[in-house]
Amino acid sequence: MTISLRGLTKVFPGGVRALDSLDLDIGEGEFFALLGPSGCGKTTLLRTIAGLETPTSGTVAIGGADVTALPPGRRDVAMVFQDYALFPHMDVTANIAYPLRIKKVPRARREAAAAEVAGRLSLSELLGRRPAQLSGGQQQRVALARAIACRPQVFLFDEPLSNLDARLRLEARTFLKRLQDDLGVTTVFVTHDQSEALALAHRIAVMDAGRIAQVGTPAEIFRRPATTFVASFIGSTPMNLLPGRVAGGTLRVAGAVLPAPSGLPDGEEIVYGVRPEYAELSPIPRDDAFAGAVTVLENLGTSTLVTLEGGGQDGDLLVQVVVPEGEEPPVGTSAWAVPHTGRALVYHGDRLAGPG
Amino acid sequence: MNTDAAGLGRGRAVTFVLPALVLIGVFLVFPALWTVYLGLTDYRLTGLAAADPQVVGAGNYTAALGDERFQRSLWLSVQYVLGSAIIGQAGLGFAIAWTMRGRRGPVRRIVEGLVLLSWILPSSVVAFLWIALLDRDGGTLNVLLGTPGAAWLLDHPMLSIIVFNTWRGTAFSMMLYAAALENVPPSHLETARLAGASTFQQLRDVVLPRIKGHILTNMLLISLWTFNDFTPFLITAGGPEGRSEILPFYVYTTALRGGQLGFGAAVSFLILLINLVFALAYLRLLRNRDRDLREAVA
């Protein structure tokens with residue numbers, strides 16, 4: 001089912017504007033991520049789709065029908081909460097079958113349905129257990145099974161992986177992606193973890209202060225972040241964002257002279273963005289590189305994140321570069337960070353002006 | 001396992017505990033035993049039996065159990081506990097706590113303030129307020145309802161003290177349930193709402209199983225307090241014609257006004273036994289619940 005949101009605004013008592021006239025369309029069968037830092041309104045948006053929050057203005061439509069005024073129980077959506085919200089006094093079967101029990105499905109039919117879904121999520125051995133007797137990963141699967149068992153039109157996941165430990169999280173991520181693929185049900189999930197959003201979603205909406213900063217596929221968002229906010233938020237190592245100026249068809253950024261995209265007037269202030277992965281270190285001075293002293297080395301496993309200090313006029317700019325295993329420069333030496341100009345991004349007035 | 005965690009040794013440990021034991025002995029154990037002894041005698045406040053009480057065995061107990069006034073008092077006490085504690089205080093307290101849950105700001109503070117006010121006022125003040133409220137001539141209630149001359153305390157003495165005690169004691173249940181409801185995770189209620197559960201179903205499936213322990217503890221406390229409550233004596237004094245004479249009033253009138261101290265002691269002991277039955281029943285329910293929880297975790 002499609003979901004479309006029009007002019008959605010939510011102002012909480014006390015004047016906090018969690019959603020600010022937001023428009024969004026989510027397609028049939030899409031796995032859609034709402035990504036943003038805490039307080040950006042992503043959870044409020046999810047809860048508004050669920051009907052747990054009433055928007056101050058605007059409409060929510062599911063499958064073409066306006067559901068803004070419908071209570072949560074009549075929207076045919078299922079939600080998995082961050083804490084899973086399993087009922088501690090019910091066993092796994094009763095938990096999974098709970099929505100069916102509310103819908104007055106006869107006991108035999110709903111228990112059969114619960115057993116079938118449980119089998120699909122490899123929970124068959126655990127049907128008689130209470131939630132307290134399950135591991136975190138098992139609890140999560142029970143919560144998923146409860147959502148699946150009532151065959152809703154839309155799944156809503158609130159931070160579905162955040163309560164799992166790091167290793168289990170990767171397993172659960174793969175599992176979740178395959179499950180969504182199999183079921184083909186429109187799914188919206190909230191996360192503050194950009195890697196989770198990139199890995200799982202078909203499309204991502206990056207949110208900032210109640211508005212959507214950018215909507216796109218993971219590749220689009222990663223390669224061409226529309227604003228410096230998205231640029232700094234996406235990527236496992238934060239992007240270098242360096243202030244610069246257009247001068248005579250070139251860019252002057254922190255002592256480096258770099259090619260400018262066309263259409264930028266002379267003298268304009270710009271922000272030059274380059275990911276640490278899209279730059280390399282040179283031991284000898286170059287014109288198209290940021291100079292600095294190596295101050296910090298952070299081992300990332302197969303590579304190392306190098307921090308250079310001392311670029312720019314004031315000498316307080318930090319530039320980070322990822323270097324491959326075995327090529328780390330010694331701390332304290334001088335080095336030059338050379339951006340891959342084809343992968344660099346130039347922002348003019350906080351809008352993407354083009355690759356550098 | 002070493003049971004002497006503090007490393008005091010038996011002698012010094014006893015020395016530490018002894019003062020407390022002496023106080024308990026003097027002020028709790030001795031009076032209890034003294035009551036049991038008195039209950040077996042014909043001890044009176046004045047006269048010959050006050051100077052030289054005779055042991056009459058179980059005579060007081062058989063007399064009390066056979067006394068119609070005692071039986072009526074017991075029945076009135078049961079009505080009083082059921083009406084004012086279980087239905088009134090616990091029911092109303094839960095209803096207020098449920099309505100006020102998740103609410104912040106002035107409405108909640110005003111409601112809580114008003115409910116608490118009735119709890120913290122001294123009994124004698126409260127009794128006076130209620131006499132003024134229910135008075136036949138110019139009582140506030142009669143003015144409000146436009147029923148001059150309705151004698152509430154004479155026509156409906158039990159109802160009056162039940163409503164009075166509900167009003168007076170609801171604060172405790174309300175606060176206890178409000179605290180318990182804070183422990184119900186919002187996501188559980190929301191899961192039920194998303195499944196389409198009605199308010200009744202949310203209460204049955206999510207809230208009550210979660211706060212069962214709080215409910216039982218509250219019931220235990222308010223049942224015992226209400227059963228032993230003497231405050232309404234200040235309003236009806238058990239009257240008219242003993243129609244609101246719950247057990248504590250009965251003991252008071254027979255033992256102190258009637259001077260039959262031995263008989264009163266026997267009735268007190270019976271009240272103690274009834275309290276004990278109450279307490280054991282609730283504690284058993286609580287233990288069952290704990291065992292369920294342990295089995296769920298094991």
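**Strands β12 and β13, chain A.** I looked up how β12(A) and strand β13 (residues 256–259) of chain A are joined, and found antiparallel pairing over 4 bridges. Two strands count as paired if DSSP finds at least two bridges between them. The strands themselves are DSSP runs of E with at least two residues, helices are runs of H or I with at least four, and both are numbered from the N terminus. The model is predicted, so I kept in mind that local features need pLDDT of at least 70 and side-chain atom pairs pLDDT 80 or more, while totals for chains, interfaces and linings use all residues. Residues are numbered from 1 along each chain as its sequence is written, and chains are lettered from A and ligands numbered from 1 in the order in which they are written.

I then checked a bridge partner: T250(A) has P259(A) in β13(A). The hairpin of β12(A) and β13(A) has 2 residues between the strands, and A254(A) there takes a positive phi near 45°.

**The other neighbour of β12(A).** Strand β11 (residues 240–247) of chain A also pairs with β12(A), in the antiparallel sense and over 4 bridges. Across from V253(A) of β12(A) I found G244(A). This hairpin, too, has 2 residues between its strands, with G248(A) at a positive phi near 55°.

I also looked at the faces of β12(A) (residues 250–253): L251(A) and V253(A) form the covered one, T250(A) and R252(A) the uncovered one.

An unreviewed UniProt entry places "domain: ABC transporter" on residues 3–234 of chain A. UniProt positions are given in the numbering used here, feature names are shortened, and annotations may be inferred rather than shown by experiment. Over residues 3–234 I noted 37% helix and 26% strand, with the end C-alpha atoms 25 Å apart.

**Chain B.** I noted 14 helices and 0 strands in chain B. Its radius of gyration is 24 Å, well over the 19 Å that the globule rule gives for 298 residues, so chain B is more spread out than a compact globule. The radius is taken over C-alpha atoms, and the rule is 2.2 Å times the number of residues to the power 0.38. The C-alpha trace spans about 75 × 75 × 30 Å along its principal axes.

Of the 298 residues of chain B, 30% count as buried (20 or more other C-beta atoms within 10 Å of a residue's own; exposed is 12 or fewer, partly exposed in between; C-beta atoms are placed from the backbone).

Last, I looked up G59(B), which lies in helix α3 (residues 59–66) of chain B. G59(B) counts as partly exposed because it has 16 C-beta neighbours inside 10 Å. From G59(B) to L48(B) I read 11 residues in sequence and 18 Å in space, C-alpha to C-alpha.
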